[in-house]
Amino acid sequence: MSTLNLLAADDNSTIIWIVGIVVFLFALFIFALFARFAGLWIQCILTNAKIGFFNLVMMTIRKVNPTIIVRSKIMAIQAGVTKSYDISTRDLEAHYLAGGNVPNVIRALIAAQRAKIDLDWQSAQAIDLAGRDILDAVRTSVYPKVIDCPDPRKTNSTLDAVAGDGIQLNVRARVTVRTNLKQLVGGATEETVIARVGQGIVQAIGSTATYEQVLENPDKITQIVLNEGLEKQTAYTIVSIDIADIDVGENIGARLQADHAEAEMRVAQAKAEQRRAEQKAREQEMVALTQENRAQVVLAEAKVPEAIAEAFRSGKIGILDYYELKNVQADTKMRDMIGTPEREPTTTS
C-alpha cells in the first residue's frame with residue numbers, strides 16, 4: 001500500500017512540473033509579445049490611433065509591418081488628415097500588402113492638404129501603386145519644376161532650327177512645369193514634354209521669315225509654343241517656356257544652294273559626257289561606213305577590166321573606142337589635178 005502511495009505522489013509531482021513548465025512558457029510568450037508590441041500599443045493609446053494590441057499581433061501574422069502602419073496612422077491623425085479622408089487601418093494594411101509605400105502616401109496627403117490641393121486617399125494610393133512618386137508629384141504641384149530642353153544628358157545640348165532665310169539657330173530653352181495630379185496616372189512623362197517643346201520651338205523658328213526676327217523677339221517664339229497646348233495627355237501643366245540661349249549657326253540655305261548647284265553641274269557634265277560618247281560612237285560608225293563604201297568601190301573598179309575584156313570579146317567596143325576612153329580618163333585626171341590647189345613646199349632648215 002505504501003508503494004502505491006509513493007507512485008501516486010511521483011505522478012502528481014510530474015504533472016505539476018509539466019503544468020508549471022507550460023505555464024512558464026506561456027507566460028514567457030505573452031511577455032515576449034508584450035515586450036515587442038508594448039511600445040507601439042502605448043503610442044496607439046496616447047495618440048488615439050484606435051489600433052488594439054490584438055490587431056498588432058494579427059498584423060505580424062498577416063506579414064504586415066506593424067511599425068509602418070502605426071506610425072503612418074499616427075502621422076495621419078496628428079496632421080488631421082483623417083478628418084478630411086476616411087482612412088482606416090485596414091486600408092493602410094491593404095495598400096502595404098499591395099506593394100505600396102504607405103508613409104509616402106500619407107506624407108503626400110498631408111502636403112496636399114496643407115497646400116489645398118484636391119487629392120483623396122483613393123487617388124493617392126492609385127498613383128503610388130502605378131509606380132509614380134506621389135510625394136514628389138505633390139511637391140512639384142506646389143513648387144514648379146524647371147527642366148532643360150533639350151535634355152543635355154541624353155541628346156545634343158541645343159536645338160538646331162533653321163529660319164526662313166536659311167540661317168541656323170542653336171537654341172536652349174527651359175520649361176517650367178507643374179504636376180497635373182488628375183492625369184498623373186496614364187499621362188505622358190517628362191521626356192514627352194521635352195520632345196513636344198523642342199518640336200514646337202523648331203517649327204516656330206522655321207515659320208519665321210528671318211533669323212533676325214527671332215533674335216529681336218524670342219518671346220514671340222515661346223508664346224507660339226505655349227498656345228499649341230503641348231501639355232495635353234501629359235502628367236504636367238506647362239507654366240512657362242523661356243529661351244535661355246540663342247546662337248547663330250551656319251548658313252544652311254546657302255550651303256544647300258551650293259550643294260544643289262554642284263549637283264546640277266555634275267548632272268550637266270554627265271549629260272555632256274554622254275552626248276560626247278554618243279557622237280564619238282557615231283563618228284566611229286561613219287568611219288566604218290566609209291571604209292565599207294571604199295571597199296565596194298575597189299570591188300567595182302576590179303570588175304572594170306573584166307567588163308572591158310568581155311566587151312572586146314563580144315565586139316561591142318574596138319581598139320579606137322578603148323583608146324578614146326583612156327584619153328577621156330587622162331583628160332579627167334588632168335582636170336582634177338588642175339582644179340586641186342597645190343600645197344606650198346615645206347622648207348627645211
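## Pockets

A pocket here is an open set of grid points where a 1.4 Å probe fits, with protein on both sides within 12 Å along at least five of seven lines. The model is predicted, and its largest pocket holds about 190 Å³ of space. The lining of this pocket consists of Asn48, Ala49, Lys50, Lys73, Ile77, Thr82, Asp86, Ile87, Ser88 and Thr89. By class, 3 of these residues are nonpolar, 4 are polar and 3 are charged.

The second largest pocket has a volume of about 150 Å³. Arg132, Asp133, Asp136, Ala137, Thr140, Lys145, Thr179, Leu184, Thr189 and Tyr236 form its lining. Helix H8 (residues 134–142) supplies the largest share of that lining, 3 residues. The lining of the second largest pocket divides into 3 nonpolar, 3 polar and 4 charged residues.

## Methionine 59

Methionine 59 sits in helix H2, which spans residues 53–61. Its relative accessible area is 0%, against a cut-off for buried of under 20%, so methionine 59 counts as buried.

Leaving aside residues up to four places away in sequence, methionine 59 is in contact with Ile51, Val64, Pro66, Ile69, Thr89 and Glu93. One of these contacts, Thr89, also belongs to the lining of the largest pocket. Glutamate 93 lies 34 residues from methionine 59 in sequence, while the C-alpha atoms of the two are 8.1 Å apart in space.

## Helix H11

Helix H11 covers residues 218–226, and its buried residues are Ile221, Thr222 and Val225. Viewed down the helix axis, the buried residues of H11 fall within an arc of 95 degrees, so they line one face of the helix. The general rule behind such a pattern is that an α-helix has 3.6 residues a turn, so residues three or four places apart point the same way.

Asp219 and Lys220 are exposed, and they are carried on the face of H11 turned away from its buried side.

## Residues 253–287

An unreviewed UniProt entry lists residues 253–287 as "coiled-coil region". In the predicted model, the chain over residues 253–287 is 100% helix and 0% strand.

Technical notes
Residues are numbered from 1 along each chain as its sequence is written. This is a predicted model: local features need pLDDT of at least 70, side-chain atom pairs count only at pLDDT 80 or more; totals for chains, interfaces and linings use all residues. Side-chain values use heavy atoms; hydrogens and water are left out. Buried means under 20% relative accessible area, exposed over 50%, partly exposed in between (1.4 Å probe, protein chains only). Helices (H or I, at least four residues) and strands (E, at least two) are DSSP runs, numbered from the N terminus. The arc is that of the directions from the helix axis to the C-beta atoms. UniProt positions are given in the numbering used here, feature names are shortened, and annotations may be inferred rather than shown by experiment. On a 1 Å grid over the protein atoms alone, a cavity is a set of points where a 1.4 Å probe fits but cannot get out, and a pocket is an open set with protein on both sides within 12 Å along at least five of seven lines; lining residues have an atom within 4 Å of a point. Grid points are joined across faces, edges and corners, and a volume is the space filled by probe spheres set on the points. Ala, Val, Leu, Ile, Met, Phe, Trp, Tyr, Cys and Pro count as nonpolar, Asp, Glu, Lys and Arg as charged, and the others, Gly among them, as polar. Contact means heavy atoms within 4.5 Å.
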